[in-house]
Amino acid sequence: MKKLYLKNINQAIKTAQNNTYFDRLAKIYDTIPRGRCLGCTKCCMESVHTHFIEFLNIFYYLRENRKLYEKLFPQIIRYYFLEMVEKEHCPFLDEEGMCAIYEVRPLVCRMFGHLTQDEYEESYKNVLHQNNEIMKAFKNQYKIMLPENVVNYKIDYCKSFEVDRRMTKEHRRELIDHIFSMESAFFMRGLITEDFLDTGLVSWFVYTAFDIEEAGTLRIKIMKEYLEKGYSESLEESMKKIKAII
Ligand code: SF4
Ligand code: SF4
């Protein structure tokens, strides 16, 4: 299974409710010390890694807020196809510069300001290395030159975030482990497979509309068209298909 079928998502939501996973997730989030931030949104510049249970939590929230879902879904899809050729802010950020899913935002967003500068720079080094590997692969396999401003984009370390008690590395690890321990129920029931490991928030939504491989192939086509002409007919066609799905 390489697509997230609605019937599987519904079954997974039922599993999460029967096992009080959403409550457990809320309790996990509650252990994160609240900080004070300027709300400048400079850190909302990518599709963050999100666990399946977190995606279900967000999906359930949006399904209860249908209008918001209808508005966000096309933005999410567009972001997925163009994120490697054009640097844009996270598609969940609204016109007022607020997170549209703030109540249910993923763990990574909640922990952002808690890293020390050294930890942050170390993690950026890994991201940069990964991006450069992706850039080489795109060039060699598809003859696509990813723009350098996208590959080298850096969200600066935030010095404005204030918190009375910064999370330790151990605390952050512990929360990730707790969340991950809930995922096994979904794997055991065949509701997701290992194809979905390491999925970004945006990609989860894309896989409700496209098979993983279909999405990957289409993305290459769209990126090529976009880099050559500044727009992509394939993207516009896909957006029509998305409207039909919503
Ligand atoms: S955490 Fe920092 S970068 Fe992010 S919105 Fe707050 S002040 Fe801005
Ligand atoms: S989900 Fe919300 S908090 Fe997280 S990056 Fe996007 S807009 Fe920012």
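**Figure 1. Glutamate 88 in the loop between α4 and α5.** Glutamate 88 belongs to the loop that joins α4 to α5 (107-111); helices here are DSSP runs of H or I with at least four residues, numbered from the N terminus. The model is predicted, so local features need pLDDT of at least 70 and side-chain atom pairs count only at pLDDT 80 or more, while totals for chains, interfaces and linings use all residues. Residues are numbered from 1 along each chain as its sequence is written, and chains are lettered from A and ligands numbered from 1 in the order in which they are written. With 14 other C-beta atoms within 10 Å, glutamate 88 is partly exposed. For this term, a residue is buried if 20 or more other C-beta atoms lie within 10 Å of its own, exposed if 12 or fewer, and partly exposed in between, with C-beta atoms placed from the backbone. The C-alpha atoms of glutamate 88 and lysine 2 are separated by 27 Å, the two residues being 86 residues apart along the chain.

Figure 2. The residues around ligand 1 are Cys37, Leu38, Gly39, Cys40, Thr41, Lys42, Cys43, Phe112, Gly113, Cys158, Ser160 and Phe161; a residue is near a molecule if its C-beta atom, placed from the backbone, lies within 6 Å of it. This shell divides into 7 nonpolar, 4 polar and 1 charged residues. In this classification Ala, Val, Leu, Ile, Met, Phe, Trp, Tyr, Cys and Pro count as nonpolar, Asp, Glu, Lys and Arg as charged, and the others, Gly among them, as polar.

**Figure 3. Surroundings of ligand 2.** Cys44, Val48, Cys90, Phe92, Leu93, Cys99, Ile101, Arg105 and Cys109 surround ligand 2. The shell around ligand 2 comprises 8 nonpolar residues, no polar residues and 1 charged residue.

**Figure 4. Packing of α2 against α8.** Helix α2 (residues 21-30) and α8 have axes that come within 11 Å and cross at roughly 175°. That angle makes α2 roughly antiparallel to α8. Axes are lines fitted to C-alpha atoms, for helices over the stretch in contact, and angles run from 0 to 180 degrees between N-to-C directions. Angles under 35 degrees count as roughly parallel, over 145 as roughly antiparallel, 65 to 115 as roughly perpendicular and the rest as oblique. On the α2 side the contact is made by Tyr21, Arg24, Leu25 and Ile28, and on the α8 side by Leu175, His178, Ile179 and Met182; two residues are in contact if their C-beta atoms, placed from the backbone, lie within 7 Å. By class, the contact of α2 with α8 has 6 nonpolar, 1 polar and 1 charged residues.

**Figure 5. Packing of α1 against α3.** The axes of α1 and α3 are 10 Å apart, and the helices pack at an angle of about 105°. The two helices are therefore roughly perpendicular to each other. Ile9, Ala12, Ile13 and Ala16 of α1 meet Ile53, Leu56, Phe59 and Tyr60 of α3. The contact of α1 with α3 has 8 nonpolar residues, with no polar and no charged ones.

**Figure 6. The largest nonpolar core and helix α9.** The largest nonpolar core has 44 residues, and Ile53, Ile76 and Val206 have the most contacts inside it. Such a core is a set of buried Ala, Val, Leu, Ile, Met, Phe, Trp, Tyr and Cys residues joined through C-beta atoms within 7 Å. At least two residues of this core come from each of α1 (6-18), α2, α3 (52-64), α4 (66-82), α8, α9 and α10 (212-229). Leaving aside residues up to four places away in sequence, isoleucine 76 touches Pro91, Val202 and Phe205. Helix α9 is mostly covered, with 8 of its 9 residues buried: Leu201, Val202, Ser203, Trp204, Phe205, Val206, Tyr207 and Ala209.

**Figure 7. Aspartate 198 and threonine 199 in the loop between α8 and α9.** Threonine 199 is found in the loop between α8 (169-188) and α9 (201-209), and aspartate 198 lies in the loop between these helices as well. Aspartate 198 counts as exposed because 8 C-beta neighbours lie inside 10 Å, whereas threonine 199 is buried, with 20 other C-beta atoms within 10 Å. Phi of aspartate 198 is near 60°, a positive value in a residue other than glycine. Threonine 199 touches Thr50 and Trp204, not counting residues up to four places away in sequence. Between the C-alpha atoms of threonine 199 and serine 47, 152 residues apart along the chain, the separation is 9.5 Å.
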